[in-house]
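Thanks for coming. I will keep this short and go through one model, a few places at a time.

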Amino acid sequence: MKLTPEQLARFDRDGYLFFPSLFSEEEMRPLIEEVPRLYAQHRPENVREKGSDAVRTNFAAHLYSNPYARLARHPRMVEPVEQLFGEKLYMHQFKINGKMAFDGDVWQWHQDYGTWLNDDQMPEPRAMNVAIFLNEVNEFNGPLMFIPGSHKLGVLDAQHDLATTSYPLWTINNDTIRRLVERGGIVAPKGPAGSLIMFHSCLVHASTSNLSPFDRVNVYLSLCAVSNHIRRFKRPEYIAHRDFTPIECLPDDCLLKDYDVPLPWKDGTPETALKPLAA
Ligand code: SIN
Ligand code: MN
């Protein structure tokens, strides 16, 4: 899949592109069916919500789950990002965020690149976030909210929030958010399972808690230009990957057919991936 000049201009202006129903129901089925099995596992890659057993985020499933290993090599997602960065990509981070019915907690306002710079020493914001909806996202179940154009401001001042949720995040203060929203407004793309959002790593985003009876499970792939790989290994490898091997795409039907893919963490997470390599 190639982005048109119009899409490239829109991405540059707004910082995101939305593709409703990019994947069919049939393509999504193996991914959706795999989630309960992944979330039931007691492994460090499952981070649970504060005071609840509900999974907030599952990391690195592309290394131990066949359908997600195939998704991680999907040309409909990888090719446009290669086009934007003009080089091959590696997987910096891979997560399946639960935001489960009633229990799903907030994600405070932040930029992903803030964390990648502060924690991982990623040199430039040359990594793209791709979100794929595993179920319908509607106005009730905590859709992702973006401030269009906020990516143009580069890295904003942020504080390390270790208390609000079960997951540490570099968050942006309310006064800054108020100013950014006066300038750019807020959008919250909604759509059926199989929809995809591509968004700039400096785009300011957040989501509210999920008080609805509808789960909102999204996959997030963070695809980084290989030459822009992280320089510090302070976070465990299952959160910030250290394998910079370029992604080789599978054919476009890879979610419909069973392709052979490596699953190096199938029998458990290697000891070395659980710990920082350096402070
Ligand atoms: C994120 O920003 O990494 C997650 C946001 C969400 O899942 O709503
Ligand atoms: Mn984020």
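First, the ground rules. This is a predicted model, in which local features need pLDDT of at least 70 and side-chain atom pairs count only at pLDDT 80 or more, while totals for chains, interfaces and linings use all residues. Residues are numbered from 1 along each chain as its sequence is written, chains are lettered from A and ligands numbered from 1 in the order in which they are written, and side-chain values use heavy atoms, with hydrogens and water left out.

Now the metal. The manganese ion (ligand 2) is held by His110 (NE2), Asp112 (OD) and His205 (NE2), at 2.1 to 2.2 Å. Donors here are N, O and S atoms within 2.8 Å of the metal (3.2 Å for Na, K and Ca); water is not among the atoms, so sites may look incomplete. Along the chain, the donors have the spacing H-x1-D-x92-H. His110 sits in strand 5 (residues 107-110) and His205 in strand 11 (residues 205-207), so the pair ties together parts 95 residues apart in sequence. Helices (H or I, at least four residues) and strands (E, at least two) are DSSP runs, numbered from the N terminus. Both histidines, His110 and His205, are buried. Buried means under 20% relative accessible area, exposed over 50%, and partly exposed in between, with a 1.4 Å probe and protein chains only.

Next, helix 4 (residues 75-85). How many of its eleven residues are buried? Eight are, which leaves the helix mostly covered. Among them are Arg76 and Glu82. The buried residues of helix 4 pack against helix 2, helix 3 (66-71) and strands including strand 4 (89-97) and strand 12 (218-225). Just after helix 4, Gly86 has a positive phi of about 70 degrees.

Helix 2 (residues 25-40) is where we find Ile32. At 36% relative accessibility, Ile32 counts as partly exposed. Beyond its neighbours within four places in sequence, Ile32 is in contact (heavy atoms within 4.5 Å) with Tyr68 and Leu134.

Last, Asp161, in strand 8 (residues 159-161). What the Asp161 side chain does make is a polar contact with the side chain of Gln108, at 3.1 Å. A polar contact is a pair of N or O atoms within 3.5 Å; within protein, one must be able to donate a hydrogen and the other to accept it, and residues adjacent in sequence count only if both atoms are side-chain atoms.
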